[in-house]
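This report describes the fold of one protein chain and then turns to a few of its residues. Please keep the sequence and the coordinates at hand while reading.

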Amino acid sequence: MAKTILITGGTRGIGRALVEQYLARGFAVIATGSTPHSVDQARAALPQVDWQVCDLREQADLAALCQHIGRRALDRVVHNAGVQQARNWFSPGGEALSIEDETQINFTAPVLLTQALFDNVHSARGRWIFITSGLAIAPKQSAAVYCANKAALHVFCKSLNGQIALTGSPIKVCEAILPLVDTAMTQGRGRGKISPEQAAAEIIRGVERGLAEIHVGKVRWLMRLRALWPNGAENLMIRH
């Protein structure tokens, strides 16, 4: 019987690459997109996926997703969906995404889904995969809320892993810490990006090894720098 995986934000970018690579590994894939249009396009390209519309800002959508899954055992859950809104705190306004919505998508929804689907993963002795960012370690000035959301997920993963160690549970929590990846969210920003396909491949390798932290691409260098020079690493992205 095929293993089952749920991937949020699976219609594009890293999520889409994860969908395709887990399909190639024989998984039964449930994936979400935020709008009917994005899900219809993804379903046309990959009809073998169980596509679900789920706007992570909406409690009703979260509840509907959990109801759709029911008691089905989940071998993997990937909290991939994320958004980033640039803000200038000295010149506010013109923001497409509110602080509440950004935090709901990046942090609150993954935590709520973890609570709601905990038994589904526990019964499968499965793995939770949280997609975070090097910006949780080395924040930048222009996206303070995003950096704080990812740092919160980083801490949440550590706490959840602590409970797993205490209870001796067979489930695992894997945090994939990403560098700059070439997606719609990073369009027009930065250099030296890796492809979504490379990011997905490194995430999957780390998950299969059961790593608590998966350091993708240049994040490996960031973590080595932090071990040697913590203050320097944490202020690496802050311009003075």
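## A term needed for what follows

A polar contact is a pair of N or O atoms within 3.5 Å; within protein, one of the two must be able to donate a hydrogen and the other to accept it, and residues adjacent in sequence count only if both atoms are side-chain atoms. The model is a predicted one, and every value below was computed from it.

## Overall dimensions

The secondary structure of the chain comes to nine helices and seven strands. Its radius of gyration is 17 Å, close to the 18 Å that the globule rule gives for 240 residues, so the chain is as compact as a globular protein of that length. Along the principal axes, the C-alpha trace spans about 55 × 40 × 30 Å.

Of the 240 residues, 48% count as buried, and the accessible surface of the chain comes to about 12100 Å², with 54% of that area belonging to carbon and sulfur atoms. Among contacts between residues at least 6 apart in sequence, 64% join residues that are at least 24 apart.

## The parallel sheet

Seven strands form an open sheet, in which the order is β3-β2-β1-β4-β5-β6-β7 and the pairing is parallel. The edges are formed by β3 (50–53) and β7 (213–215), each of which pairs on one side only, and the twist from one strand to the next averages 20°. Strands of a sheet pair through backbone hydrogen bonds, either parallel or antiparallel.

Within this sheet, strand β1 (residues 4–7) pairs with strand β4 (residues 76–79) in the parallel sense over three bridges; Leu-6 has Val-77 of β4 as its bridge partner.

## Helices against the sheet

Helix α2 (residues 36–45) lies across β2 (28–33) and β3, and runs at about 170° to β3. Helix α3 (residues 59–69) also packs on the sheet, where it touches β1, β2 and β3, and its direction makes about 155° with that of β3.

His-37 is found in helix α2 and counts as exposed, because its relative accessibility is 54% and the cut-off for exposure is over 50%. Between His-37 and Ala-60 there are 23 residues of sequence separation and a distance of 19 Å in space, C-alpha to C-alpha.

A polar atom of the Asn-120 side chain lies 2.8 Å from the backbone oxygen of Arg-72. When residues up to four places away in sequence are not counted, Asn-120 touches Ile-69, Gly-70, Arg-71, Arg-72, Ala-73 and Leu-74.

Arg-125 lies in the loop between α5 and β5 (127–133), and its relative accessible area of 60% makes Arg-125 an exposed residue. The phi angle of Arg-125 is near 50°, which is a positive value in a residue other than glycine.

Gln-198 lies in helix α7 (residues 196–208) and is partly exposed, with a relative accessible area of 36%. Although Gln-198 and Ala-17 are 181 residues apart in sequence, their C-alpha atoms are 8.7 Å apart in space.

Conventions. Residues are numbered from 1 along each chain as its sequence is written. This is a predicted model: local features need pLDDT of at least 70, side-chain atom pairs count only at pLDDT 80 or more; totals for chains, interfaces and linings use all residues. Side-chain values use heavy atoms; hydrogens and water are left out. Two strands pair if DSSP finds at least two bridges between them. Helices (H or I, at least four residues) and strands (E, at least two) are DSSP runs, numbered from the N terminus. Axes are lines fitted to C-alpha atoms, for helices over the stretch in contact, and angles run from 0 to 180 degrees between N-to-C directions. Contact means heavy atoms within 4.5 Å. The radius of gyration is taken over C-alpha atoms; the globule rule is 2.2 Å times the number of residues to the power 0.38. Buried means under 20% relative accessible area, exposed over 50%, partly exposed in between (1.4 Å probe, protein chains only). Accessible areas come from the Shrake-Rupley method with a 1.4 Å probe; for residues, only the protein chains shown count as cover.
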